[in-house]
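Thanks for coming. I have one structure to go through today.

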Amino acid sequence: MDPTTDNAGQTGDPDTTRASLEALRAEIAKAVVGQDPAVTGLVVALLCRGHVLLEGVPGVAKTLLVRALASALELDTKRVQFTPDLMPSDVTGSLVYDTRTAEFSFQPGPVFTNLLLADEINRTPPKTQSSLLEAMEERQVTVDGTPRPLPEPFLVAATQNPVEYEGTYPLPEAQLDRFLLKLTIPLPSREDEIDVLTRHAEGFDPRDLRAAGVRPVAGAADLAAARAAVAKTTVSPEITAYVVDICRATRESPSLTLGVSPRGATALLATARAWAWLTGRDYVIPDDVKALALPTLRHRVQLRPEAEMEGVTADSVINAILAHVPVPR
């Protein structure tokens with residue numbers, strides 16, 4: 001994606017809307033070095049009204065990436081640091097007794113925002129992890145029997161350290177399936193790491209994105225217009241069958257104990273449509289499905305222990321399936 005404009009709020013023309021979202025990559029690059037695939041994944045998730053799980057070792061700018069995205073989109077954002085003693089009400093909010101009125105009133109939690117950064121989500125126990133399930137799926141929070149809708153747009157960007165790190169709780173399958181994408185944040189290349197250190201030596205402050213030059217280039221209106229355009233992207237019966245065949249193949253793989261559910265197949269079709277629109281087409285081709293297969297499916301499958309001991313990964317299984325399933329012409 002090549003940024004072609006830096007003007008937010010222009011939503012009448014689909015090409016202008018697309019250009020506004022494409023400009024996000026250049027804007028975020030002012031603060032984050034060398035993470036273009038992750039930026040693209042976050043934009044795809046916003047277009048699909050989905051949520052993103054960012055995985056990487058500490059110190060690879062996962063948190064900075066989400067903060068830069070919120071700044072470039074001019075969206076409200078809040079951050080929750082997940083710790084072992086965090087309670088569900090610390091995320092969703094709770095009823096607070098007001099001594100002046102002698103009544104209970106609802107105090108909204110940090111989940112009431114456009115972009116919730118759930119930092120190190122796998123450092124908190126499952127009870128608190130699951131407090132996000134209703135918010136992610138239903139886009140509402142129920143407290144004392146009363147449903148309370150969340151703002152629109154709403155996206156959970158959860159960061160996690162690899163589960164083998166000390167003090168982590170693996171996310172349950174039910175919650176993993178609520179994430180549209182799982183993006184892996186790698187260590188930077190030597191050149192990118194030199195660039196990072198050079199920026200810091202020149203005075204870059206990751207806590208002050210405005211000083212780094214990050215400016216809003218798109219907004220909620222652009223997202224709404226883009227989603228409407230994505231919904232018009234054509235999907236042929238052959239592409240639909242291709243997505244189904246890929247997902248069914250995961251259920252038959254000897255390396256997996258858990259394959260992709262129909263929800264995962266729906267997610268893959270949605271992300272492929274969003275990617276097709278971002279690349280300038282109003283129809284989906286097989287390459288769109290292949291491009292989004294790994295981030296959309298890798299967290300929806302479960303390896304057999306013996307395959308894991310042999311060094312097999314979810315990505316390698318999915319790549320093998322993509323190489324095996326016939327591609328429609």
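Residues are numbered from 1 along each chain as its sequence is written, and side-chain values use heavy atoms, with hydrogens and water left out.

Confidence: pLDDT, the predictor's confidence in each residue from 0 to 100, averages 87 over the chain, and 95% of the residues score at least 70. Residues 1–11 are below 50, and this stretch has 32 contacts in the model beyond near neighbours in sequence; contact means heavy atoms within 4.5 Å. Where pLDDT is low, the predicted coordinates should not be read in detail.

Next, α1, residues 14–28. Helices are DSSP runs of H or I, at least four residues, and strands are runs of E, at least two, numbered from the N terminus. From first C-alpha to last, α1 reaches 22 Å, close to the expected 21 Å, which is 1.5 Å times one less than its number of residues. Of its 15 residues, 11 are buried, so α1 is largely enclosed by the rest of the structure. Buried means under 20% relative accessible area with a 1.4 Å probe, protein chains only. Among the buried ones are Arg18, Glu22 and Arg25. The buried residues pack against α2, α3, α9 and α11.

Finally, which elements each supply at least two residues of the lining of the largest pocket? They are α7, β9, β11 and α14.

Methods. This is a predicted model: local features need pLDDT of at least 70, side-chain atom pairs count only at pLDDT 80 or more; totals for chains, interfaces and linings use all residues. Buried means under 20% relative accessible area, exposed over 50%, partly exposed in between (1.4 Å probe, protein chains only).
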